[in-house]
Amino acid sequence: MTFQSFDDPAAGSDHAARLDALREVMARQDLAAVIVPRADVHQGEYVADADARLAWLTGFTGSAGFAIVCTDRAGVFVDGRYRVQVRDQLDLAHFTPVNWPETRPSDWLREALPQGGRVGFDPWLHARREIEGMETALEGSGIGLIALEANPVDAVWPDRPAPPVGAARIHPEDLAGESAAAKRARLAAALAEKGQAAALLTLPDSISWLLNIRGSDLPKNPVVQSFAVLSDSGHLALFADGAKFDDALRAHLGSDVTILPPEALASALTDLEGPVRLDPASAPEAAVRILEDAGTTIARGPDPAVLPKARKNDAELAGMRAAHHRDGVAMVRLLSWLDRQDPATLTEIDVVRRLEDLRREAGILDISFDTIMGAGPNGAIVHYRVTRGTDRRLEAGGLLLIDSGGQYADGTTDITRTVALGAPRADAVAPFTAVLRGMIALSRARFPKGVAGAHLDALARQFLWAEGLDFDHGTGHGVGAALCVHEGPARISRAGDVALEAGMILSNEPGYYREGAFGIRIENLVVVTPAEAEPGRSLLGFETLTLCPIDRRLIDMDALSQAEIAWLDAYHARVRAALSPDLQGADLDWLVAATQPLA
């Protein structure tokens, strides 16, 4: 069994014909444009095959983006992670890449529809805040947003897959660190304190965390696709396919959790007494309209589970450390093996398969996302996913970017290493060193409570900026504990406005990408911890969870400060001490050599 498919789901598809079919539906409904998002009803980054409407229509398979289809043009909006990928995947005769968020959809629509017009959207696939923002931005344009009763893409998708019904399982309390009943009581008490009668939960990872369950609806993301309503009494109505839950799991959920079919959500919302709390950033526009039409008072506020979920407790942190230890062993074994091979005998897929085998031996349940295995110029595609059509042979003297992770029963991992395939190319050393110095600067950071990711992002970019370089993605995202590899609300980016708190786990992953040549990224996961400070002052810092050497061959030693050398030597010593007992032979020899002091 392999975890990653190397098929290209868009290969051989006639996207022009699909576009024509969609425009026929638009004409029948008098629509000047239709918005096709990547999201599903849960506003998720990762979607089931049944919800992959953007990929089916356009061929673009990235994890973020959307399309706007007009009668005479079709724009596919992507951020900096996908600027190279989108051009490779689109039929540019029919679809036009649009740089987003530099170009706002409202501005694009104003230019595309100068006379105004009706723009259709599926209200289950867009959050309330998104729609409000677009409506405000379109004021005075003559363009109106029309909530459609049926999704127009579904109307022209004849073989659309069925929604997933993956089996759910219990997430043991010794890994969760708190019982589901205690979590529900804690969140219910917070609702009652604010005078809120209930909360609508729409994020599957929030619900899975709250109930101490995990699922298999989505590959790589162990969540149960569901909605939930939590009352101020602690009772929870769970809207999910009952076939996912066996008797043991139903007993685990207990009598205070009622399982109802997904189609019962709309009627249940009409019966709620307010105030009902919901997060306008993630709650579907359709659900909000149902509550408004019923006259129910809405209390806007963040998903009540999001921050508690992000603050990992001691048991969750212990599980994450254990998972990272096992994952580190697998990564060292991969890198050791890779150094013993002739690069010309390997392709990207060969290395992905080897890594999967090693992680399987380490006990993974699944990978945590499709492995990014970018050799040479493929490494410059930030979220590259190798297929049989793009599989590139490794070359001596080139770079290989490996971004991968595993889903273990007790934790989730995400690690990136960029390695030289033999003697490194000279033009990669300076940017690699700048990326490394940024990663070290963030790792060593100390900061007062109240500091958010936006305040720290420049630490990781400063050395690249000094050379006139940068990267077009965030520096770090939140990570779940045996949950989704991408988790809110905290992140390290210029848009990261959530204060970092002890227990939050984030990635630290600056990079640099030279299109047509190579990509560089170094990523460790870090957890926010209390840091030493003078009496009367409270500071936070980061503990690095990831255990794996960083390629010393790509470092310009003359560019490093003594403090940076000391940090990297200490990190490598820690990696060597932690992993050596679980390695032997050539793998152990490789680890010892790879973690020797720089000085």
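Because the model is predicted, local features require pLDDT of at least 70 and side-chain atom pairs count only at pLDDT 80 or more, whereas totals for chains, interfaces and linings use all residues. Residues are numbered from 1 along each chain as its sequence is written, and side-chain values use heavy atoms, with hydrogens and water left out.

Helices (H or I, at least four residues) and strands (E, at least two) are DSSP runs numbered from the N terminus. Axes are lines fitted to C-alpha atoms, for helices over the stretch in contact, and angles run from 0 to 180 degrees between N-to-C directions.

Strand β3 (residues 74-78) pairs with strand β4 (residues 96-99) in the parallel sense over four bridges. Within this pair, Gly 75 stands opposite Thr 96 and Val 76 stands opposite Pro 97. Together with helix α3 (residues 83-89), β3 and β4 make a right-handed β-α-β unit, that is, with the strands pointing away from the viewer, the path from the first strand over the helix to the second runs clockwise.

The axes of helix α18 (residues 562-579) and helix α19 (residues 585-594) come within 9 Å and cross at roughly 160 degrees. The two helices α18 and α19 are therefore roughly antiparallel (angles under 35 degrees count as roughly parallel, over 145 as roughly antiparallel, 65 to 115 as roughly perpendicular and the rest as oblique). Their contact is made by His 572, Val 575, Arg 576 and Leu 579 of α18 and by Leu 591, Val 592 and Ala 594 of α19.

The axes of helix α16 (residues 426-443) and α18 come within 10 Å and cross at roughly 80 degrees, which makes α16 roughly perpendicular to α18. Leu 436, Arg 437, Met 439, Ile 440 and Ser 443 of α16 meet Glu 564, Trp 567 and Leu 568 of α18 in this contact.

How values were computed: Pairing = 2+ DSSP bridges. Contact = heavy atoms within 4.5 Å.
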